Amino acid sequence: MLIGYARVSTERQDLAAQLKGLADLGVAAERIYTDKRTGRSMKDRPGLAQAIAALRPGDVLVVTKLDRLARSVPDARDLVGQVYERGAALQLGPSLHDPEDPVGKFLFNALAMVAEFEADLNRQRTMEGLAIARAQGRLRGKPPKLNERRTRKLLEEYEAGEATVAQLADDYAVSRATVYRTIQRAKRIRPQ
């Protein structure tokens, strides 16, 4: 039996291409497990855990590309070990991985290194872009929920004891955490 697995790193990414690729490889839709918003971490991937748990001896875990399964060499090796411990096999795209074949083992490790390298380059480019944006003053975080006038009014009401934090949150249609942040920010920027 073919068991499929598809994964995307962020909520904005789409699983459609991977799902179509798995279907083209013969995986039934009800046998495909998915994860979204996984980033690079192997933690918090319930779809992968379910896919591995569903494997029985003789089954095949199918992924369209190795980087959908793991983004580092140690993680890839660990996952492949889990698959083979269950008596199942691993299929990367159209190719069945053979852990006993020296060439297959070499190609698997090479693909895992490329996936890890791509992830490292992507992270490095992201960090460089953030540093440039920060230096140019374009990365200032999320704007405050309340404008300057409403922030001053909220602080005045709070300091005068006219309302509790919960009442202020209700009056200004924000969370209590936002009220606390607004009070702290207003106290920092208040003219002395």
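In this predicted model, the C-alpha centres of domain 1 and domain 2 are separated by 48 Å. Domain 1 covers residues 2-100, and domain 2 covers residues 148-189.

The largest nonpolar core holds 21 residues. Within this core, Leu-61, Leu-69, Leu-90 and Phe-108 touch the most other members. Several elements give two or more residues to the core: the strands β1 (2-7), β3 (60-63) and β4 (89-92), together with the helices α2 (46-54), α3 (66-69), α4 (73-85) and α5 (102-135). Helix α4 gives the most, with five residues. Another core, of twelve residues, lies apart from the largest one. Its members include Leu-155, Ala-163, Ala-169 and Val-174.

Helix α8 spans residues 176-189. At 1.5 Å a residue, its 14 residues should span 20 Å. The end C-alpha atoms of α8 are 20 Å apart, which agrees with that expectation. Five residues of α8 are named as buried: Thr-178, Val-179, Thr-182, Ile-183 and Ala-186. Viewed down the helix axis, the buried residues of α8 fall within an arc of 140°, so they line one face of the helix. An α-helix has 3.6 residues a turn, so residues three or four places apart point the same way. The buried residues of α8 pack against α6 (148-159) and α7 (165-172). On the face of α8 turned away from this buried side, Arg-181 and Arg-188 are exposed.

Conventions: Residues numbered from 1 in each chain as written. Predicted model: local features only at pLDDT ≥ 70, side-chain atom pairs only at ≥ 80, totals over all residues. Heavy atoms only, no water. Helix = DSSP H or I, 4+ residues; strand = E, 2+ residues; numbered from the N terminus. Expected span 1.5 Å × (residues − 1). Buried < 20%, exposed > 50% of the residue type's maximum accessible area, 1.4 Å probe, protein only. Arc of directions from axis to C-beta. Contact = heavy atoms within 4.5 Å. Domains from an automatic or database assignment. Core = buried A, V, L, I, M, F, W, Y, C linked by side-chain atoms within 4.5 Å.
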